[in-house]
Amino acid sequence: VLDASIGPAELALRARRINEMFGLLPRWRNAGALVLDLFHRDARAGVRWLALHPREFGLLWRLADTPGRPVTRRQLLEDVWRLKHM
């Protein structure tokens with residue numbers, strides 16, 4: 001939904017930005033036996049979709065970002081829950 005005040009030039013600029021950003025993130029990521037799909041924000045085990053909650057997906061995506069490396073509680077809170085604790 002766009003505000004009525006957004007004109008064709010602004011809409012074209014936004015579309016161009018989205019198109020440029022399209023290749024920056026992978027759509028799929030493998031996590032063991034799961035295939036994570038960023039577009040659907042869900043995971044598949046074989047042909048079965050898991051119907052993950054958004055936080056569950058975010059957590060799996062974040063952990064799959066650095067496979068084999070530990071992730072601290074603080075990193076997970078910041079990256080998945082968007083919480084900053086000082």
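Which residue in strand 2 stands opposite Ala31? In this predicted model, Ala31 faces Leu34 of strand 2. The protein contains three helices and four strands, where helices (H or I, at least four residues) and strands (E, at least two) are DSSP runs numbered from the N terminus. Along the sequence, these elements follow the pattern α-β-β-β-β-α-α.

Residues are numbered from 1 along each chain as its sequence is written. Because the model is predicted, local features need pLDDT of at least 70 and side-chain atom pairs count only at pLDDT 80 or more, while totals for chains, interfaces and linings use all residues; side-chain values use heavy atoms, with hydrogens and water left out.

**Overall dimensions**

- The radius of gyration, taken over C-alpha atoms, is 17 Å for the protein, whereas a compact globule of 86 residues would have a value near 12 Å; the globule rule is 2.2 Å times the number of residues to the power 0.38.
- Along the principal axes, the C-alpha atoms fill a box of roughly 45 × 40 × 20 Å.
- Buried residues (under 20% relative accessible area, with a 1.4 Å probe and protein chains only) make up 17% of the 86 residues.
- Of the contacts (heavy atoms within 4.5 Å) between residues at least 6 apart in sequence, 19% join residues at least 24 apart.

- The four strands form an open sheet in the order 1-2-3-4 with antiparallel pairing; two strands pair if DSSP finds at least two bridges between them.
- Strand 1 (28-31) and strand 4 (48-49) are the edge strands, each with a single partner strand, so one side of each has no neighbour in the sheet.
- Strand 1 and strand 2 (residues 34-37) run antiparallel and are joined by four bridges, and Arg29 has Leu36 as its bridge partner in strand 2.
- Strand 2 pairs with strand 3 (residues 42-45) in the antiparallel sense, also over four bridges; Leu34 stands opposite Ala45, and Asp37 has Asp42 as its bridge partner.
- Strand 3 and strand 4 are antiparallel and pair over two bridges, with Ala45 opposite Arg48.

**Hairpin turns**

- The hairpin of strand 1 and strand 2 has two residues between the strands, and Gly32 there takes a positive phi near 65 degrees.
- Four residues separate the strands in the hairpin of strand 2 and strand 3, where Arg41 has a positive phi near 50 degrees.
- In the hairpin of strand 3 and strand 4, with two residues between them, Gly46 in the turn has a positive phi of about 70 degrees.

**Pockets**

- A pocket is an open set of points on a 1 Å grid over the protein atoms alone, where a 1.4 Å probe fits, with protein on both sides within 12 Å along at least five of seven lines; lining residues have an atom within 4 Å of a point.
- Helix 2 (residues 54-65) gives the most to the lining of the second largest pocket, with six residues; the lining as a whole includes Leu38, Arg41, Trp61 and Asp79.

Terms used:
Buried means under 20% relative accessible area, exposed over 50%, partly exposed in between (1.4 Å probe, protein chains only).
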